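Dear colleague,

I am passing on the structure we spoke about, and would be grateful if you could look through it alongside the notes that follow.

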Amino acid sequence: MFLSLLKILFFFAAVLAIALGAIKLSETAQPLFLEYAGTEIMLTPVKAVVALLVLMVLAWLVFKLLGLVLAFLRFLAGDETSISRYFTRSRERKGYDALGEGMLAIASGEGKLALDKAAKAEKFLDRPHITNLLTAQAAEVAGDTARANATYRKLLEDERTRFVGIRGLMKQKLDEGDTKSAMLLAQKAYAIKPKHKELQNTLLELQTREHDWKGARATLKDKRRQGELTKDVAIRRDAVLALQEASEVLSSENSVSAREAAISAAKASPDLIPAAVLAARGYIAQKNFRNATRILEKTWSVRPHPDIAAAYAEIVPDETPNQRLRRFDALLRKNPDHEESRLLKAELLLAAEDFPGARRALGDLAQAHPTVRTLSIMAAVERGEGADDSVVRGWLARALTASRGPQWVCDKCHNIMSNWAPVCDSCGGFDTLTWREPEMKDPAPATSGAEMLPLLVGPVNKGGTATSDPAAIADADAAVSDSEAPQQKPEAPAKTEIADVAPGMVPREEDYVDVDVDPSVTVTTRETSAEAGSGDESSTAPDRSATDRKDEQEAEFTPVRPDVEPPDSPASGRVS
């Protein structure tokens, strides 16, 4: 407020001074005389003031013209001037416009246009760290890998763009499939920016692909320290890497280091089945059976697995089936209700020839969760209890199209692997294998259930039905219906006429009866010898064995009826 008042007072004071000056000049009668080359000029005070102002303006214009001339001369000499700054600003404006248009072209996937705009931006701008980056990205979009590679190498010369150049070369190596060179470039880039999240993930993936487990563990440690991973996930993945490192150390016959690494992995992640197995086998090699038993039982209580049972059996390899059954009881008690425990107990009882006990241990798994393993155990139980072969074949028929049960399945791409590995061999995912049953059904076997049904169910009786247990037939039919492959329906039983007369008698028309027989059975009349002239005929009966029927099929005899005129042949044995 006070400052505004001072400004107003100063303005009025200046106006007052000018007004008083003008009044004073108008009251003064003395003129101003100027004489130059004999010419005398007289100016009143007012005219003198006006002339002074005009002179000042002219002087200012002269100085400006002189400055312009000097600036033009300096421009010609190469010095920075207003003119040069004007043209520089114009070039920068054009360059940045081209730069923006090039970025838009890259975003829209127009590689050739982006290259043209990058060349224009490089022409007008003196910013190689920007224009080279635009050129490299435009070359990648246009598919010119050679130009992109050369431009990325230029970026390595500038400290500001060194990381970008290494990262670009790394991506090119990844696209080419050269993971080893890509990992070396990723390590150099990681040394420049160790907190780059994307680069950390890429480096960790490349290290696992190239089996650099020690380097992968160091990278994983940095990710955990920077808060990129939770504690549980970091411990689990470190255990996986330690296990794989131990496996490779073990293959180089350094059992001490391998055992220590495996034990460390098993302690860090008790549900890591391969770590527990490897650690237990290390203890077994040391004759330390107590620790081997303890670590296997701990893992079984968390996640039962057949490999755990196999390693548990290696602790005492020469025991009898009954002794093994008693020793495994401690393992089974750790997780008695699990399906794997029930299957293992049934198998142990089978080995001890306790078939009723195996059936009780298996319970209703054959109906609730039928798998190849479950149905095979049931077939073995039926065989051990003395059941008919057709019953056993019925269980095996169901096993043809049954699920294989839990397997190592990748959670990322659903690839199925026979053995555990830290990296999926299909998608390259790290620590993605889980012991579970695949969501999709296994493909049907090469031979469909319909084609194998006669072999699995058994021979055919007189009535044309299989001589097997009804339950076995139902199981076989269910196996055929579950098969996904296209199947052929079995042919319906054929009708044939058989003469119901004593041998040697000529049948009459009313003596023929219709009988159902299997389609594979051919009713034939075999001519025996010249003594058949008496009219004896031999026709295959429906109750003949399968071997006899097969021999008759191979012989390919022509069906003959006694009331039909046979062909003229001396071996026909017919009496006219």
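Helices (H or I, at least four residues) and strands (E, at least two) are taken here as DSSP runs, numbered from the N terminus. This is a predicted model, in which local features need pLDDT of at least 70 and side-chain atom pairs count only at pLDDT 80 or more, while totals for chains, interfaces and linings use all residues. Residues are numbered from 1 along each chain as its sequence is written, and side-chain values use heavy atoms, with hydrogens and water left out.

Two loop residues deserve a look. His-211, in the loop between helix H9 (197-209) and H10, has a positive phi of about 60° although it is not a glycine. With a relative accessible area of 45%, His-211 is partly exposed, where buried means under 20%, exposed over 50% and partly exposed in between (1.4 Å probe, protein chains only). Lys-287, in the loop between H13 and H14, is likewise not a glycine and has a positive phi of about 65°, and its relative accessibility of 63% makes it exposed.

Strands count as paired if DSSP finds at least two bridges between them. S3 runs antiparallel to strand S5 (residues 433-436), to which four bridges join it, and Gln-407 stands opposite Arg-436 in S5. Two bridges join S3 to strand S4 (residues 416-417), also antiparallel, and here Val-409 stands opposite Ile-416. S3 and S4 form a hairpin with five residues between them, and His-414 in the turn has a positive phi of about 65°.

Finally, the axes of helix H20 (residues 372-384) and helix H21 (residues 389-400) come within 8 Å and cross at roughly 175°; axes are lines fitted to C-alpha atoms, for helices over the stretch in contact, and angles run from 0 to 180 degrees between N-to-C directions. H20 and H21 are therefore roughly antiparallel, a term used for angles over 145 degrees.

How values were computed. Parallel < 35°, antiparallel > 145°, perpendicular 65-115°, else oblique.
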